[in-house]
Amino acid sequence: MARTVESTIRFPYKRSLGPVLGAFMTALTEKRLIGIRSGDRVIVPPIEWDPDTAASLALDFVDVGPAGTVQSWTWVAKPSSQHPLSEPFAFALVKLDGADTAFFHAVDAGSIDAMSTGMRVAPRWKAARRGHITDIDAFVPGEEPTVVAGDESSPGEPVTMMEYDAAITYNTPVTANVERSEQATEEGRFLGLKCPVCGRTYTGGKGYCPVDAVELTPEHEVDLPQRGTVTNYTIITPVQYPGQTETEPFSRVHVWLDDSDVVLGYQALLDTPNADVRIGMRVAAIWASDAEKADVDPRAEGNLVGWMPTGEPDSTDPDLLNRIC
Amino acid sequence: MVANERSADDIAIVGWSVSPMVRNTDKTEVQMLLEVITGAVNDAGITRADVDFTCAGSCDYVAGQAFSFVQNIDALGAWPPKRDSHVEMDGAWALYEAWVRLLLGDIDVALAMGSGRSSTADPGLIYPMEMDPYYLAPLGADATSFAAIQARAVIDAGKVSEDAMAEIAARCRRDAKDNPHAQVTGDFDTKALLAEPYVRAPLRKHDLPPITDGACAVVIARRDRAIEMCEHPVWITGFAHATESHNPGMRDLTGSPSTVLAAKAAGAGDAPIEVAEIQAAYTHEEPILVEALGVGDAVVNPSGGPLAANPIMATGLVRVAEAARQVRDLGKHRTLAHSTSGPCLQQNLVCVLEGGSR
């Protein structure tokens with residue numbers, strides 16, 4: 001198996017609720033369940049449009065439940081990190097009294113043997129409610145709603161926003177070409193892969209030529225020069241975000257490696273005041289010594305510290321214009 | 001049928017390729033696509049440069065990367081520039097868009113693809129994020145829990161039983177023995193399957209699709225180019241899709257009205273269907289779909305179907321490739337492919353294929 005890189009991505013969303021979903025979430029803070037009229041039907045949870053005709057629905061809300069009847073269900077023996085309960089529970093479609101559609105939520109029945117189609121359930125409210133679908137802790141067998149411990153919420157402002165936060169851990173394979181490219185930068189080399197069809201050279205261990213769609217393998221590897229010319233630059237005024245260590249404006253340059261068509265983007269330029277950064281500057285790669293390795297920015301390529309001006313006269317090659325990225 | 005029955009606007013499948021279907025591939029999504037695109041254009045006897053329009057089906061949540069479809073374009077060969085599109089749906093819907101694009105008449109050849117590397121993360125955590133963001137996603141409402149709720153509704157309605165579901169799983173895995181791309185194959189005793197514990201009651205492991213990495217690409221062409229390219233074009237004679245409410249609680253889960261609509265719009269019932277390749281990823285979905293599609297007399301999923309390999313985002317397009325294979329390579333006259341999207345068969349697509357005349 002290939003080595004994989006693990007990364008966990010969080011998805012923290014804030015959503016506006018509007019007049020229909022907002023009304024439902026506000027009702028939850030008051031331990032009420034509401035539906036919306038659509039012709040002869042009452043739809044729960046309320047939605048903005050008729051599910052069959054897509055007609056916009058008037059804000060005609062109806063109290064439903066709080067008890068209801070289980071129409072169908074499943075048993076979750078091993079809850080996930082996203083599930084509302086950490087102990088085994090049921091997910092069920094519950095037809096709340098007075099509703100014509102089914103409401104999806106958890107049922108905390110203790111055991112699969114306590115579950116059956118047609119059973120009666122009622123909500124167990126959270127003590128502190130914020131206007132969120134999880135204000136219902138779960139449904140429980142029986143007719144009477146309950147509240148977890150002491151009831152702390154008092155009806156307040158209408159709820160207009162809700163939060164959602166999920167995290168997913170991904171394991172992405174590291175291809176053999178990427179492994180070899182990373183190894184090269186550890187050793188102070190830039191490894192290129194030259195397309196056998198068009199002759200373009202790629203860095204970063206790309207596995208294929210995106211122009212010709214041919215696979216690139218070790219036989220296409222070339223060692224690239226360590227000198228180049230600045231073809232483009234930007235001065236970045238740092239804003240503070242997690243991981244940002246810069247506090248003063250700093251430059252990032254694009255470097256066109258000599259005798260190749262490779263442009264390395266967003267490289268650090270060393271020992272150069274921002275006012276002196278210019279297109280055409282000649283630069284050379286500086287690699288960290290073994291002793292310096294610990295200080296290298298972990299986001300950098302291997303042990304590349306950055307690029308140092310060589311002092312050579314600036315390039316005036318007009319083709320620099322075509323090498324800005 | 002005779003040749004003049006085909007109009008210039010008729011569109012045919014002229015090539016395809018299906019990747020190996022595995023639990024965990026060393027390849028990136030781009031590499032999987034690179035292979036199936038090469039395979040499909042080779043199968044059609046053309047090169048990437050002959051393709052006028054491309055459309056991909058893939059999912060950023062599955063890939064774990066924003067705009068992951070942009071780097072997938074690398075697999076197409078970016079030069080000469082192509083008209084390109086993407087759907088955050090199964091590749092079967094990418095094929096639908098490509099078909100609609102060719103109907104405009106100004107270009108002749110299109111390629112649709114679908115790809116997914118489901119092993120990258122836990123599907124049980126990914127799919128809740130694609131549910132209703134207000135009422136369902138915050139509960140971690142996963143696709144398998146919804147499937148189980150639908151299974152119980154269908155069982156309670158007397159349309160299927162746990163025994164019959166085990167029979168469906170065993171049949172699919174047995175049929176998949178002849179499918180070189182399949183992931184889960186072999187002979188299984190239904191009694192042993194039924195002795196296994198529930199994953200989500202009433203669903204056991206055999207009722208669920210495997211987690212699969214895979215990709216598929218299909219090339220289509222307008223009549224004149226299709227006839228130039230190949231001996232046996234597989235004509236798309238009907239293509240439609242329809243959808244229902246995204247919230248399963250608003251629906252009758254014992255049937256699939258949107259499948260009925262799509263099948264009617266695609267003309268599925270106009271003549272007998274010999275083989276139906278359907279995206280029944282859970283065993284109980286098969287009887288629902290067979291009834292809704294009206295294909296009770298057809299051979300269903302001779303490839304083994306999604307219960308043998310389920311490359312999310314390509315599973316439906318693989319159904320199209322398998323249904324086309326039945327026509328071009330196995331001599332069938334009229335077959336059907338089905339794809340689905342969303343919880344409890346929310347949205348359904350039907351593609352009717354015919355061989356015979358050029």
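How many bridges join strand E11 (residues 334-341) of chain B to strand E12 (residues 347-354) of chain B? I counted 8 bridges there, with the two strands running antiparallel, and I noted that helices (H or I, at least four residues) and strands (E, at least two) are DSSP runs numbered from the N terminus, while two strands pair if DSSP finds at least two bridges between them. Within this pair I found B:Ser339 standing opposite B:Leu349 in E12(B).

Before going on, I wrote down that this is a predicted model, in which local features need pLDDT of at least 70 and side-chain atom pairs count only at pLDDT 80 or more, whereas totals for chains, interfaces and linings use all residues. I also recorded that residues are numbered from 1 along each chain as its sequence is written, and that chains are lettered from A and ligands numbered from 1 in the order in which they are written.

**Entry: the sheet of chain B**

I then followed the sheet across chain B, where 10 strands form an open sheet with mixed pairing in the order E3-E2-E4-E7-E1-E8-E12-E11-E9-E10. At its edges I found strand E3 (83-87) and strand E10 (299-300) of chain B, each pairing on one side only.

Helix H1 (residues 29-44) of chain B lies across strand E1 (11-18), strand E4 (109-117) and strand E7 (213-222) of chain B, and runs at about 35° to E7(B). Helix H12 (residues 315-328) of chain B also packs on the sheet, where the strands it touches include E1, E4, E11 and E12 of chain B, and its direction makes about 175° with that of E11(B).

**Entry: two helices in chain B**

I turned to helix H10 (residues 257-265) and helix H11 (residues 285-293) of chain B, whose axes come within 8 Å and cross at roughly 40°. H10(B) and H11(B) are therefore oblique to each other, given that angles under 35 degrees count as roughly parallel, over 145 as roughly antiparallel, 65 to 115 as roughly perpendicular and the rest as oblique. I noted their crossing as right-handed, a term used if the near helix is turned clockwise from the far one by less than a right angle, with anticlockwise giving left-handed.

In this contact B:Thr259, B:Val260 and B:Ala263 of H10(B) meet B:Leu289, B:Ala292 and B:Leu293 of H11(B). I sorted these residues into 5 nonpolar, 1 polar and no charged, where Ala, Val, Leu, Ile, Met, Phe, Trp, Tyr, Cys and Pro count as nonpolar, Asp, Glu, Lys and Arg as charged, and the others, Gly among them, as polar.

**Entry: the domains of chain B**

I looked up the division of chain B into domain 1 (3-121 + 211-234) and domain 2 (123-209 + 235-354), with bounds that come from an automatic or database domain assignment. Their centres, taken over C-alpha atoms, are separated by 22 Å, and the contact takes 40 residues from domain 1 and 32 residues from domain 2 of chain B. On the side of domain 1 that touches domain 2, helix H4 (91-103) is one of the elements giving two or more residues, and H4(B) supplies the largest share, 6 residues.

Which strand gives the largest share of the side of chain A that touches chain B? In the contact of 51 residues of chain A with 43 residues of chain B, I found that E11(A) gives the largest share of chain A's side, 9 residues. That side divides into 31 nonpolar, 17 polar and 3 charged residues. I also found E5(A) pairing in the antiparallel sense with strand E5 (residues 198-201) of chain B over 2 bridges, with A:Val76 opposite B:Arg200 in E5(B).

Lastly, I followed strand E20 (residues 282-287) of chain A, which is joined by 3 bridges to the antiparallel strand E17 (residues 227-236) of chain A and pairs with strand E21 (residues 304-309) of chain A over 5 bridges, also antiparallel. A:Ala284 is the bridge partner of A:Arg227, and A:Met308 in E21(A) is the bridge partner of A:Ala284.

Definitions and conventions:
Axes are lines fitted to C-alpha atoms, for helices over the stretch in contact, and angles run from 0 to 180 degrees between N-to-C directions. Two residues are in contact if their C-beta atoms, placed from the backbone, lie within 7 Å.
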